[in-house]
Amino acid sequence: MLKTQVLQKVDQVSLPRTIHLVPLNNIAGFDVRPGFYEINGATAIPGGVNFTVHSKGATSVELLLFHRTESEPFAVLPFPAHYRIGNVYSMIVFKLNIEEFEYAYRVDGPYDPEKGLLFDRSKYLLDPYAKAVTGQSQWGKTAPNGQHYKARVVKDDFDWEDMHPPLIPMEDLIIYELHVRGFTRHDSSGVAHPGTFAGLMEKLDYLEDLGVNAIELMPIFEFDEMQDYRQHEGETLYNYWGYSTVSFFAPNTSYTASTEYNREGNELKQLIQEANRRGIEVYLDVVFNHTAEGDRRGPFFSFKGFDNNIYYLLTPEGDYYNFSGCGNTLNCNHPIVHQMILDCLRYWVTNYRVDGFRFDLASILGRNEDGSPMEKPPLLQSLAFDPILGDVKLIAEAWDAGGLYQVGTFPAWNRWAEWNGRYRDDMRRYLKGDWGLAQAAAMRLIGSQDMYASKGRKNASVNFITCHDGFTLWDLYSYNEKHNLKNGWNNTDGANDNNSWNCGVEGETADPQINALRRRMGRNAFALLMCSRGIPMFLAGDEFANTQFGNNNAYCQDNLTSWLDWRQLEANQDIFQFFRYMIHFRKAHRILRSNLSSGACGFPDVSFYGVTPHPREAFNSDEHYIGVLFAGWERLTGPQIVYVASNAYWEPLQVQLPQLPSSMGWELAADTWEEKQLPLRPLAGSQFEIRPRSVMIFVGR
């Protein structure tokens, strides 16, 4: 039966402006017509839903419609042959109420594993552009009745009002890395909605008071926490961190406090909106290096069934390259995958107003189809110059599990920043007193100019001493060795080169002297982090000595090992106050963040000192003391001079500060030897004693 239907432009999607009459077909009782081929995924339009998918190798595609929670479809709609243009299948299905159905696909085609072709019409496939995924909405609950991943159509009606992004300059950022669930899951968090986006929003007052202005969320794309679910010694272990993406366009619905049928993501949008109102940017830790489908032994739910040999890097024999360490590697520079990643990031920026992205194992994004590194990777270049991404921060973890290490050499176009792994390693070794690290530590303090200055890269270094991957700051000075037995791998997982120091006793102790030293070592690390050029980042909970009990790879620990214990905030209020003080000190002294001018009061922008008041070019291998002076001039405030004195030696030292103009004097701003920081104190003269393993900070006024 031939019918006609009038279609026109609507606000939700960019549909053609022209009004035209089109013929309708009837399939499985639904009126259908060819769809909008350039709009991927499932999109609500007046009177129906537009479904578009693509597959180069498929011979046929079927759309499956399900009632909510049902495991078998109530309707199967094959795409007619004339609904295919090129490799794209597109169909509008009329009179579908988006709140009453879920959908998936079946794709048929050749099966030839040696050529990477794995088409299997018996599999239900998740739309690669799905905006919401069913079946994982309740944390730790396996979908009943063997349900498959299915997708929902999302109604985008969130009101952003007149919100504008903070657009904080890179040099002014202070990044706080956190896990959405672990941040508030413990009862001590005191929130009404623990473990959710809403729970995190309840803590924005705390974050604002602490002084951070950017929060970096560990993966919030839909992932299956039940992947590798197992019991070990009475503990339930999950895929807790979430570095195993199921759907790149969909938020993890188990992180929401309420059911959001067809408005999945609104709670996350509310979080971003409120954070931005407070001047806090929100970054997503994104995982484009692999997917949750794993290798040949892994699940088969989406990309394998659409075009396995396009979405993944495959060996000549059809096996999976594993540069991610997780079974497969996404073929990021193939034009199809390249476009999907670009579409994905644009979606999160336009629909969620995300302020930035941190790319997990980002060196994979620069690999060719044979796995070799590319000199100018098309994907990385596209992201660097894309106009929609023009204001967002792009931060690379500039290495991968295949041995490609690009810290300092990541293809950047002066647009990408990097997690500076050398900062972490050099500062950890210097702080615990290793020989020969003074020069390296000094270079890290001045923005790793040895790595970035010659390439003209500004604000490229994201400085960190701790992150989710490794010891917490408290554990860094409480354990010489990792203690990962609870993970179930006989302590073989996790890094062995932690550059940590237990201060004399492994693990917890009641010894007051050791605990005082551990607290001081933590203050030393944070003081130097806040006095380093570059972009500082630290791990949630470090500000009140949170512990993971020596576990340096808590990826599977959905328990107190990974959850923040907010009781420690009260117990370690002095540590919190020191963190807060140093954050605000950094904000008050722009000279610590950037080069203001050619210097001030006769000093260059940065200069090095030993224990004497004479500037020097470098430090010797047997030195443990470094003095770094930052000097500059601001038109409104005049000269800014900050001297950072760091003694990683186990004996006190007598130090002479450089001479200031006669109208100025030195004031002590911080001394990590002290448990509580006192107000600025004038220094009589220019000589001082710095106690063992401590940091002192002076300002010239």
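Ala, Val, Leu, Ile, Met, Phe, Trp, Tyr, Cys and Pro count here as nonpolar, Asp, Glu, Lys and Arg as charged, and the others, Gly among them, as polar. The views show a predicted model, in which local features need pLDDT of at least 70 and side-chain atom pairs count only at pLDDT 80 or more, while totals for chains, interfaces and linings use all residues. Residues are numbered from 1 along each chain as its sequence is written, and side-chain values use heavy atoms, with hydrogens and water left out.

View 1. The whole structure holds 6 cavities of 30 Å³ or more, a cavity being a set of points, on a 1 Å grid over the protein atoms alone, where a 1.4 Å probe fits but cannot get out. The largest cavity has a volume of about 170 Å³, volume being the space filled by probe spheres set on the points, with grid points joined across faces, edges and corners. Its lining comprises 17 residues (those with an atom within 4 Å of a point), and H179, M218, L539, Q548 and S562 lie nearest the centre of this cavity. Strand β14 (175–178) and helix α1 (180–184) each supply at least two of the lining residues; helices (H or I, at least four residues) and strands (E, at least two) are DSSP runs, numbered from the N terminus. By class, the lining of the largest cavity divides into 9 nonpolar, 7 polar and 1 charged.

**View 2. Packing of α12 against α14.** Helix α12 (residues 512–530) packs on helix α14 (residues 573–588) at an angle of about 15 degrees, with the axes 9 Å apart; axes are lines fitted to C-alpha atoms, for helices over the stretch in contact, and angles run from 0 to 180 degrees between N-to-C directions. That angle makes α12 roughly parallel to α14, a term that covers angles under 35 degrees. R519, R523, F526, A527, L529 and M530 in α12 meet D574, I575, F578, F579, M582, I583 and R586 in α14, where contact means heavy atoms within 4.5 Å. This contact of α12 with α14 has 9 nonpolar, no polar and 4 charged residues.

View 3. The axes of α5 (residues 303–311) and α6 (residues 335–352) come within 9 Å and cross at roughly 115 degrees. In this contact F303, I310 and Y311 of α5 meet I336, V337 and M340 of α6, giving 6 nonpolar, no polar and no charged residues. Helix α6 also packs with helix α7 (residues 378–385), at an angle of about 25 degrees and with the axes 10 Å apart, which makes α6 roughly parallel to α7. Here H338, I341, L342 and L345 in α6 meet P378, L379, S382 and L383 in α7, and the contact divides into 6 nonpolar, 2 polar and no charged residues.

Conventions: 1 Å grid on protein atoms, 1.4 Å probe; cavity = no way out; pocket = protein on both sides within 12 Å on 5 of 7 lines; lining within 4 Å. Parallel < 35°, antiparallel > 145°, perpendicular 65-115°, else oblique.
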